[in-house]
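The following exercises concern the model shown below. Each one sets a task and then works through a solution in steps.

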Amino acid sequence: MYYEVIVVGGGHAGCEAALASARRGKKTLLVTMSKGAIAKMSCNPAIGGLAKGHLVREIDAMGGEMGKITDRTGIQFKMLNRRKGPAVWAPRAQADKKLYARAMQEVILRTSNLDVIEDEVVGIDVDNGTLRAVRTAKGQRVEVRAAVLTTGTFLNGLIHIGEKQYPAGRGGESPARGLSEDLEKYGFRVSRLKTGTPPRIHKDSIDFDGLEVQEGDPLPEPFSFWGNGITQPQVVCHITHTCEKTHRLIQDNLGKSAMYSGRIKGIGPRYCPSIEDKIVRFHEKDRHQLFLEPEGLDTEEYYINGLSTSLPGDVQIDMVHSIPGLERARVLRLGYAIEYDFCPPTQLKPSLETKRIAGLFFAGQINGTTGYEEAASQGFVAGVNASLHVEGKEPLVLDRSEAYVGVLIDDLVTKGTEEPYRMFTSRAEYRLLLRQDNADLRLGEYGHKLGLLTSGQYCKIMHKRELIHKEVERLRKTRVHGKALSSLMISGKLGYNELPGSAEAGLGSDEIRQVEMEIKYQGYVDREQRAIERFRALERKRIPLGLDFRKIRGLKKEAIEKLEKIKPLSIGQAARISGITPCDLSLLLVHVKAYH
């Protein structure tokens, strides 16, 4: 059996990787343990959020699928952070869990050049540092030119509920065994991480009276630049809180928690901690906010966002009943913690290809990330680059000044991670320019060049850019009583729609927003553009492949070890390695200049 690209795993990373490869015309195989579990939302059925929404819009701008599926299946949409500056506005949607998976499965199964089989990849065959084939549990050997591993939490997955533990990739599904050991055989470092999920409860057992209602936006904004808008009925969510009784129950049973009993060795997510972790780390707080979120339109299951736990089942039930509004709640599924293998991502190139084996790419939780959006964006890039590898072309590498996707991947391959990595707006140095609303203008050209956007979609971007440019120029040049229209808008004396000629310009709401941003924030934008030029100047100073850092006189041993480990491609990337000092950079720069 032969395929040009094989994708291992049918989660959010695997879906984007397989679609990107197949849509670029490569004969692609997606290997999953269960076709029915493709795109399954094993945690909260929500897409987007702070910085995560940026990632979704960016892959959508380049031809990815997650945004379109969210618009088709979303049941509550909110633009977060509207009270703050536009750089940190972030779209988020609660999706219908079953509809989301079903819609993505339909897309996967009808995509040309893409085959799907139910099997498990247990090993790889490598010849002279190049991937040649993958081996499956059913005894198949599939010859390939490139492979993308998107194994999620399945690599030697181990579930913990109190003192009970059992092997699983997630609740009710078998783990993947053998692949981690095979990777170690080829010299990859493999470590352990931990994540978790909260209990699910029955809708009819919740007392909603007295709970705070959280509504979606009255005019919800779609994620996708190319879709048909939002089609599902919209619902409300609710807010409740833990209380003193909840905290006392948790404190009294900490020794039974897998997290605090020493049974879990992997490091958990800092920014999405278990409720046990919150009680211990933030002991001064007398309550913690919880969101009650429906998992779909045709299910009675509710997700308790903020109550992730690995406490024993009886303690979980008592804990749920201690929470206002949940005194009579019926627990449908217990929460659990899960440990799994990952490969520290400093073993990757910025293309997400492994440094050790040509043609082998990693994406998603195998790289130490957490979250559907982080996984999907890596999957998209890895799938694109696997297909480009087959063609013998240069990979797609987005830098930190172009996209949140670029920030995510650069953080992973340059700095690595020792805990599940989550994207935040604060990680992006140029976030005023990397807004969620302009992702199509920033990245659409990449999608077009890759063949993932149609000519019609690209023309739409070009027309939008031209409209914005012309209107900005008009507002700067047109004067009323000696003042430019742009000045009147900056001063707040007039809104855009009150300016002379605005109605005749023919701009839609999206174009108007872009015009307002460009004019009102011109000074800040110019400052960021200058910073980007300095950043790119360092990125253009390339470090020769195979450079022996030990030959650089005066370079400290620690710096040599870190440079040899990361193998930075540029002076800019070297500067972002933790522990590399300005003195180290100066020595490296002098040596690189002499080398050239």
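**Exercise 1. A helix pair**

Helix H2 (residues 52-61) packs against helix H9 (residues 372-391) at an angle of about 30 degrees, and their axes are 9 Å apart. The model is a predicted one.

Solution. 
- Step 1. The crossing of H2 and H9 is left-handed.
- Step 2. On the side of H2, the contact is made by Lys-52, Leu-55, Val-56 and Ile-59, and on the side of H9 by Glu-373, Glu-374, Ala-376, Ser-377 and Phe-380.

**Exercise 2. A sheet of 3 strands**

Task: give the order of the strands in the open sheet of 3 strands, and determine whether S5 is largely enclosed by the rest of the structure or exposed.

Solution. 
- Step 1. The order of this open sheet is S3-S5-S4, and the pairing is antiparallel.
- Step 2. Strand S3 (46-48) and strand S4 (74-80) are the edge strands, each pairing on one side only.
- Step 3. From one strand to the next, the twist averages 20 degrees.
- Step 4. S4 pairs with strand S5 (residues 90-95) in the antiparallel sense over 6 bridges. Within this pairing, Lys-78 stands opposite Arg-92 in S5, and Gly-74 stands opposite Ala-95 in S5.
- Step 5. The antiparallel pairing of S3 and S5 runs over 3 bridges; Ile-47 has Ala-93 in S5 as its bridge partner.
- Step 6. In a regular strand the side chains alternate between the two faces of the sheet. For S5, Ala-90, Arg-92 and Gln-94 on one side are buried, as are Pro-91, Ala-93 and Ala-95 on the other, and both faces are covered.
- Step 7. Since 6 of the 6 residues of S5 are buried, S5 is largely enclosed by the rest of the structure.

**Exercise 3. Two residues and their surroundings**

Task: decide whether Thr-32 is buried or exposed, do likewise for Leu-555, and list the contacts of Thr-32 and of Leu-555.

Solution. 
- Step 1. Buried means under 20% relative accessible area.
- Step 2. Thr-32 is located in strand S2 (residues 28-32). Because its relative accessibility is 7%, Thr-32 counts as buried.
- Step 3. Apart from its neighbours within four places in sequence, Thr-32 is in contact with Gly-10, Ile-38, Val-116, Ile-117, Glu-118 and Asp-119.
- Step 4. Leu-555 belongs to the loop between helix H16 (522-540) and helix H17 (557-566). With 8% relative accessibility, Leu-555 counts as buried.
- Step 5. Not counting residues up to four places away in sequence, Leu-555 touches Phe-549, Ile-560, Leu-563, Asp-584 and Leu-587.
- Step 6. Leu-555 and Leu-587 are 32 residues apart along the chain, and their C-alpha atoms are separated by 6.8 Å.

Note on methods:
Residues numbered from 1 in each chain as written. Predicted model: local features only at pLDDT ≥ 70, side-chain atom pairs only at ≥ 80, totals over all residues. Heavy atoms only, no water. Pairing = 2+ DSSP bridges. Helix = DSSP H or I, 4+ residues; strand = E, 2+ residues; numbered from the N terminus. Axes fitted to C-alpha atoms, helices over the stretch in contact; angles between N-to-C directions. Buried < 20%, exposed > 50% of the residue type's maximum accessible area, 1.4 Å probe, protein only. Contact = heavy atoms within 4.5 Å. Left-handed = near helix turned anticlockwise from the far one by under 90°.
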